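The sequence and the model come first.

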Amino acid sequence: MEKDFKSMTTSLKEIQSLREQIEDHNYRYYILNDPIISDGEYDILFRALEKLEQNFPDLISSDSPTQRVGNIHLNSFGTLTHRTPMLSLANAMNREELEAFYNRIKKQWDDDSTFTFVGEPKLDGLGVEVIYENGHFIHGSTRGDGYTGEDISLNLRTIRAIPLVLRNHKLRPPKLLEVRGEVFISKLDFEKLNINREKNGDPPFANPRNAAAGSLRQLNPKVTANRPLSIFFYESGIIEGHSFDSHLKFLKALNEWGLPTNPYIEKCVGVNALIQYHEKMESIRNEIPYEIDGTVFKIDHYPIREILGTRSRSPRWAIAGKFQAQQATTIIHEIDVQVGRTGALTPVAKLEPVFVGGVTVTNATLHNQDEIDRKDIRVGDTVIIERAGDVIPKIVKVVTGKRKNNSSPFTIPKQCPVCKHEANRFGDDVVIRCTNVSCLAQLKGHIEHFVSKLALDIDGFGEKIVNQLVDKSIIKKIDDIFTLDIHTIANLDRMGEKSAKNLIESIADAKQTTFARFIYALGIRNVGEHISKVLEKHFLGDLSLFQHATQEELETIDEIGPIVAETVFQFWSDPENISMVNHCLELGISFEKIIVSNKQPLTGITFVFTGSFDQFTRTEAKGMVEQLGGKAAGSVSKKTNFVVAGPGAGSKRTKAESLNISIITEEEFLQMVESF
Ligand SMILES: [Zn+2]
C-alpha cells in the first residue's frame, strides 16, 4: 500500500508539537516546580501522541516521550566504564572534622575570600551517570565500584525526571555531557510502595534507598517504570563543546537543559557558613520529602579544584558532612507477637518511649526469630535503636553490659496468640505462621482484603464493620459475607437501616465480578493483582481449570514461577478453601466473559463513573474499561483522566470540574470504547 505522505506530514508536525508540549510540561514540573496542567491533562497529551504514533509507526523516534519503556527483558546487565572515575568523598564525622577540612584548604591561600563552597544535601539514594550526546540520552550506568558500573540505560530511560532530549532554548546542549546524579524514592512514595507490596504479598523494602536500588536493578524495564523513581543531578563527568569555570554555573546550565538539581543547594562562604548549612540541613532533615544522610561541600571554582587535585580515592576539594545517626538508647518492656493477614507471627518490641529522629518511638519490629537470635534480644534489655527518616525503627544492638542477670533468650511461641492454634515454620521460610484457616486475626485481614478496592471492591465495608462482624461471630468464614442480611447489619454499632441497605446492595453488586478480581480477593500467598490477571488470561476465566491445574502446568505459564505455582497448588489442596470458593459461587459470584483481546488502548487511563446509566451497570462499565487495559476508580483525583457522568452525578462531577478533568456522557464513553 502506498503511503499517504500528505497526512503523514501533517501528523509529523502534530507529533513534534505534542512532544515539545510534553517536554515543556516536564520542564515546568521538574525544574520550575510550577506545573500548569493536571496529571490528567498531561496524560491526554501523552495518549494523543501515542495514538498518532500508532497510526504512523514510521514517525516514532527513540527519544519520543512515549518510548521511555522498552519491550526488552534483559538476562543480565552489561557493564560501562566511567571515563572519569566516580570517586567517593572523604567524610567529616563532626564539626571539628569539617573545620579541619576547611583549614587544610585555607592554608594554601592567604585570603579565604578567594574560595567559596557549594553546599548541598547528601541524598541517600543511588549514584548514577547519564550520558548525552548532542542533547540526546545515550546511556546511563550505576556508580558500581567507581570505575565500571552496570549499564542500566533502559531503566533510567523510564524515569520521567530524566529528559530523553535536553532542552535547547537559551543554551545549546554540549556535544558530550556526562552528568552524575542520585536516583531516589520520596518518603511518601516509599510508604505507598510498601503498602502495595504488602497487599500483594511481596516483602516490603527496608528503606527508600533499598527500594530505589531494587527498582533500578530490574531486568524488566516495565517493572522499573512502575516505581516512583526520581533524580537530582549534582556533578559532571567529561563535557565536550562547553566549558564552565564554576559549579553553580554548571548547575544552572543543567536546569536550562532540563536536568533537575536539588532546591536546597546554596553557596557557602567562610567556615561558619559551612557549619551553619550543615546544622540547618540536619535540623530539617525530617521535613524534607526524601531521605538525606548528610551534606556535601564542594569548591565552587573549577580552577581551584584543579589545583587542589585528587587523592587516590577522593577529591581534595570536596567533603561529605555526616549527620549524627538518629539513634537512642531505651529499654524493652515486653515483646508482643502479632498475627498478620497471612498468619505470619511478627515479634514487636514494646519500648520505653524515646524521642529519636523527630518522633517518639514506642515500638520496634524484631522481624523474626532469626533476627532475635542473631542480636540476642531479650525482654528487659537496654537497647540502641536507630531510625532513618520515616522508616520503622530497628534495634541496632543490645547493651549487654546493662543486661539483668536473670534474663533469658526470647523464643516466639509456637502458638498463635489470637486463636491459640499451632504455629509453624515451613521450608526455609524464616517466618512462623498460624496454620488455622479460620484464625480470627487472619479472618479480619482476609475479609478486609476480600472487599478491598482491587478485589471485590465492596463499598462501605470498612474495618469497623469487619471487626464487629467477626467479634460477634456473625462472619466465621469469608463466604458468610454473602449471607448477611439488612437486619443483622442494621443492628451493628453506627449502622442504620439506610446504610445497611446500601451495604447489602454493594455486596449484591460485587457478586458480578471478574475472574482476576476474585482470584486476587482469595488472598492466596504470592498471588497479587498482576498475577491474578496473568492467571485469568491463561485460564480464560475458567475456575475449574484453574482449580485442577497441576503444579507443573502452572509453572509453564509465563510470569508464574515455582513459588507461585506451589502456593496456588497448596491453596487448592485444602478442602476448606475449595468449599469456601464453591459456596461463594453457589451464593451468586459470577465472572464476566473473557474476550481474548490483545488490544489495550486504554492502558494507563483511569475512569470514574458517577450518576446513573441506562445502557450498562457500573460493574459492566468497569469490565469494559479493564478489558481495554484501563482502570476504573471509585473516587476522583488528579490521576483521573475521564469522569463518565450520568444523571444525578453530584460531588464527583464537581470535583472533576475543579480539577479540570474531562467529563463525558454515557454515549461518549460507549463511542470511545467501541472505537477501538
Ligand atoms: Zn491463629
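Buried residues have under 20% relative accessible area, exposed residues have over 50%, and partly exposed residues fall in between (1.4 Å probe, protein chains only). The model is predicted, so local features need pLDDT of at least 70 and side-chain atom pairs count only at pLDDT 80 or more, while totals for chains, interfaces and linings use all residues. Residues are numbered from 1 along each chain as its sequence is written, and side-chain values use heavy atoms, with hydrogens and water left out.

**Domains**

The domain assignment, from an automatic or database source, divides the protein into domain 1 (5-67), domain 2 (91-322), domain 3 (327-402), domain 4 (440-510), domain 5 (515-591) and domain 6 (606-674). Between the C-alpha centres of domain 2 and domain 3 the distance is 33 Å.

**Backbone angles in two loops**

Asn33 is not a glycine, yet its phi is positive, near 60°. This residue sits in the loop that runs between helix 1 (5-30) and helix 2 (39-55); helices here are DSSP runs of H or I with at least four residues, strands are runs of E with at least two, and both are numbered from the N terminus. Asn33 counts as exposed because its relative accessible area is 66%. Arg494 is another residue other than glycine with a positive phi, about 60°. Its place is the loop between helix 14 (486-490) and helix 15, and with a relative accessible area of 75% Arg494 is exposed.

**Salt bridges**

A salt bridge is counted when a side-chain nitrogen of Lys or Arg is within 4 Å of a carboxyl oxygen of Asp or Glu. Side chains of opposite charge can pair when their charged atoms come close. The structure has 34 salt bridges, and the table gives some of them.

| Asp293 | Lys122 | 3.6 Å |

In the salt bridge of Asp293 with Lys122, Asp293 belongs to strand 10 (residues 292-299) and Lys122 to strand 3, so the pair ties together parts that are 171 residues apart in sequence. Lys122 is partly exposed, at 23% relative accessibility.

Glu505 is partly exposed at 42% relative accessible area, and Lys501 is partly exposed at 45%. Elsewhere, salt bridges with shared partners link Arg83, Lys175, Glu178 and Glu240 into one network.

**Surface charge**

Which residues gather in a patch of positive charge on the surface? They are Arg104, Lys107, Arg311 and Arg316. Patch members have over 30% relative accessible area and no salt bridge, with like charges joined within 9 Å. Lys and Arg count as positive, whereas His and the chain ends are not counted; the place of a charge is NZ for Lys and CZ for Arg. Lys107 is in the loop between helix 3 (95-106) and strand 3 (117-123), and it is exposed because its relative accessible area is 73%.

**Buried residues and contacts across the sequence**

Ala92 and Ala320 are separated by 228 residues in sequence, while their C-alpha atoms are 6.0 Å apart in space.

Leu274, in helix 9 (residues 271-284), is also buried, as its relative accessible area is 0%. Between the C-alpha atoms of Leu274 and Tyr102 the separation is 8.8 Å, and along the chain the two residues are 172 residues apart.

Notes: Patch = residues over 30% accessible without salt bridge, like charges linked within 9 Å, V, L, I, M, F, W, Y side chains within 5 Å. Areas by Shrake-Rupley, 256 points an atom, 1.4 Å probe, with all protein chains shown as cover.
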